[in-house]
Amino acid sequence: MSLRRGHKLSFDYNVLVIDPSTQQPIGACDHQQSFERYVVDFNDFRTLHYAGNTALQMRAPINGQAMVRVWISGEEVFSNDPTYGWSISVDPNRVDAVNSEDVFYQIRFNLPVRLVVPLIEVSYLTTRGYCLKCSALGVLNDFKNAASGGFVQITQQSKLAQKGLKWILTSQCAFYPTFVCPLKSYIGKKLGIQLTDADIQNAVTTALTTMQQVQQAQATIPQQMMDPLEMIKDIKYVTAEIDPSDPTTIQVAAEITTFSGTSVPLSFQMMVN
Ligand SMILES: [Zn+2]
């Protein structure tokens, strides 16, 4: 999404996970699990089980019992409700924790709830390793919210970083196959057999070079004048290295410079087999 304002300045909504100028993560996840579905135990009519796998009680550890909220058929029920009140206790049977310090809890109604297939939903905060919202990444690659309530807009180097990552990570075009970056099709391939780290490096270099050529062609058209901070001048380097602690993770890093002389670092991880 972009809009041209005046002659040169344009913006895009920010979906970056890493701030290109500080290399710090942005958009940290609160690990909030919203309206996860639960069913009540067949036998005791009190204990909740995760609807997606009824062998479990809670799907994930609860991080902060005060933040747990429960709904029955769309209506919130508080823990002190005379009919549908509930409490949280440690789940003694759970043994599949990601980390040994993870503690699982169970939610139980104080009195049996004998509703016919009631829709029970639970919202709570969990820990990063169990978060379905950020898939345990810790950050969200979603539109970033501004304090004003809208979405954060980005311009200049940050926009160039976002555009570069989009070009590398998501590009596909049935009509201009030369503009396509094959990187997405590499995910999950067998490293060393179907794919090498040099292939990844080449794909990223080619994608950035193509993007640079398209920008240079655009720059010759007066109506498509771009901010010099949104244009690739040089591709300084592209590296793809196997993570020393995890042979299925490739760390990809690149640095491009803008026509204003500033540098824009790009980096991401990809998973192979
Ligand atoms: Zn999360």
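Two strands are taken to pair if DSSP finds at least two bridges between them. Helices (H or I, at least four residues) and strands (E, at least two) are DSSP runs, numbered from the N terminus. The model is predicted: local features need pLDDT of at least 70, side-chain atom pairs count only at pLDDT 80 or more, and totals for chains, interfaces and linings use all residues. Residue numbering starts from 1 along each chain as its sequence is written.

S12 and S13 pair in the antiparallel sense over nine bridges. Threonine 257 stands opposite serine 263 in S13. The open sheet has three strands, ordered S11-S12-S13, with antiparallel pairing. S11 and S13 are the edge strands, each with a single partner, so one side of each lacks a neighbour in the sheet. Neighbouring strands are turned by 15 degrees against each other on average, direction ignored.

Two helices pack on this sheet. H1 touches S12 and S13, and its direction makes about 35 degrees with that of S13. H3 touches S11 and S12, at about 165 degrees to S11. Axes are lines fitted to C-alpha atoms, for helices over the stretch in contact; angles run from 0 to 180 degrees between N-to-C directions.

Terms used:
Two residues are in contact if their C-beta atoms, placed from the backbone, lie within 7 Å.
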